[in-house]
Amino acid sequence: MSGSSRGWFAKIVKDKFNMEMNIIAPNVAGGGDTLYQTRSANGNLGDLILINADKNRLKDMVTAGLVLDMTDYMGDCANLQQYKKAIEDASAVAGEENPGMWAVPSEVSNEPATEPCEAVAPTNAPSVRWDIYGQIGYPEMNTLEDLLDVLKQMQDAAGTSESGKKAYALSLFKDWDGDMMQNAAALTALYGYEANQGFALMNSGTNEIQSIIDDDGAYVRALRFLFQANQMGLVDPESTTQNFDMLNAKYRAGAVLYSFWPWLGSGYYNTVERMAEGKGFQTATIGDMKCLSYGSFTLGKMENAVMVGSQAKDPQRIVDFIDWLYSPEGVEMSCAQSGTNCGPEGLTWEMKDGEPVLTDFGVEALVKMADGLQVPEEWGTGTWKEGISALNY
């Protein structure tokens with residue numbers, strides 16, 4: 001998304017902080033580092049900055065005077081104070097003599113690192129349209145390469161999507177590409193490899209480190225898989241130009257048959273009505289897979305962090321907003337762009353007998369994922385989906 005944020009989340013932010021968010025997103029501004037380079041040259045990255053802090057990025061921004069030291073503004077920020085050690089460690093990579101508080105890492109947790117971060121479904125696992133997988137007889141898959149023939153059979157069986165367009169086994173996007181192609185890296189996670197290590201992969205189970213150009217390595221195996229899939233006509237031809245939002249619409253329409261992560265396909269396709277018809281995404285098994293499971297991040301993730309721009313006119317208000325994002329209410333309001341957030345108490349849920357219970361509106365929004373669901377006027381304007389936080393943080 002790019003432009004002025006509107007809807008129920010924007011109204012909450014306006015009511016609480018008298019803030020309006022004008023979002024400038026890299027995926028609609030040339031992709032990659034185009035937006036960062038352009039705004040850096042102008043000396044202004046914006047008031048609220050969501051960007052990676054690793055790979056010398058934070059050091060470069062601090063050196064260039066693009067971000068603000070939040071130390072003097074965090075005194076009353078009880079939520080951020082919980083994660084002071086994580087913020088200090090993240091900020092230390094700026095390399096300043098006086099360390100400061102330059103960046104707040106994402107996905108920080110008070111749970112121990114030995115505990116998985118997943119609550120129910122795995123983060124990394126092969127996920128397929130289970131109803132179509134059933135139509136072709138649930139063929140066994142022993143290796144990643146076996147998945148290709150299965151996807152070919154599924155694509156032939158599926159034919160067209162619910163919108164009448166051809167359904168493809170695989171559909172890709174480039175928004176998250178960095179040192180490597182993220183969609184290929186997602187396939188390496190099926191074998192235990194963590195891909196956010198620059199030009200290397202690390203296996204969390206064996207501690208093995210691979211170069212991404214190792215001919216017999218997991219990343220090259222993933223690239224060969226995608227090449228072969230394209231040769232077989234299994235890759236959506238719009239993959240080279242579309243962004244994540246365009247991909248989401250295709251999942252909603254049933255135009256994609258494989259999901260790189262279980263949350264993606266099921267989150268956008270598995271409505272109550274479809275599940276009642278026996279349709280939906282579910283995790284499949286590949287014989288040789290050893291899926292990566294992340295531990296809880298006691299120091300957060302540097303791959304995505306939040307900062308305050310040095311040109312912000314009211315930095316205290318921005319820091320207070322960040323503190324709210326790390327509060328229970330802030331997490332409920334904005335925890336996932338895929339729509340799995342809880343939403344506001346009183347709109348989507350309410351407390352009954354000491355337990356949270358979905359309202360009728362909440363069932364329509366979060367369970368049935370109804371398209372075009374209008375938000376009551378007192379909660380903002382537009383539809384539920386239009387109002388979901390576009391921060392993706």
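Q: What makes β3, β11 and β4 an open sheet, and in which order do the strands stand?
A: In this predicted model, three strands form the open sheet, in the order β3-β11-β4. Their pairing is antiparallel. β3 (48-51) and β4 (104-106) stand at the edges with a single partner strand each, so one side of each has no neighbour in the sheet. On average, neighbouring strands are turned by 25° against each other, direction ignored.

Q: How do you know that β3 pairs with β11?
A: Two strands pair if there are at least two bridges between them. Four bridges join β3 to β11 (residues 301-308), and the two run antiparallel. I49 has M307 of β11 as its bridge partner. L48 stands opposite V308 in β11.

Q: Which helix packs on this sheet, and which strands are touched?
A: Helix α13 (residues 315-325) packs there, touching β3, β4 and β11. The direction of α13 makes about 145° with that of β11.

Q: Which residues of β3 lie on the covered face, and which on the uncovered one?
A: I49 and I51 form the covered face. L48 and L50 form the uncovered one.

Q: What makes the contact between α10 and α11, and how many residues of each class does it have?
A: From α10 come F244, L247, N248, Y251 and R252. From α11 come W263, L264, G265, Y268 and Y269. By class, the contact has seven nonpolar, two polar and one charged residues. Gly counts as polar in this scheme.

Q: Why is N18 called partly exposed?
A: Buried means under 20% relative accessible area, and exposed means over 50%. N18 has 49%, so N18 is partly exposed.

Q: Where is Y138 found, and why is Y138 called partly exposed?
A: Y138 is in the loop between α6 (130-135) and α7 (144-158). Its phi is positive, about 50°, although Y138 is not a glycine. Its relative accessible area is 46%, so Y138 counts as partly exposed.

Notes: Residues are numbered from 1 along each chain as its sequence is written. This is a predicted model: local features need pLDDT of at least 70, side-chain atom pairs count only at pLDDT 80 or more; totals for chains, interfaces and linings use all residues. Side-chain values use heavy atoms; hydrogens and water are left out. Axes are lines fitted to C-alpha atoms, for helices over the stretch in contact, and angles run from 0 to 180 degrees between N-to-C directions. Contact means heavy atoms within 4.5 Å. Buried means under 20% relative accessible area, exposed over 50%, partly exposed in between (1.4 Å probe, protein chains only).
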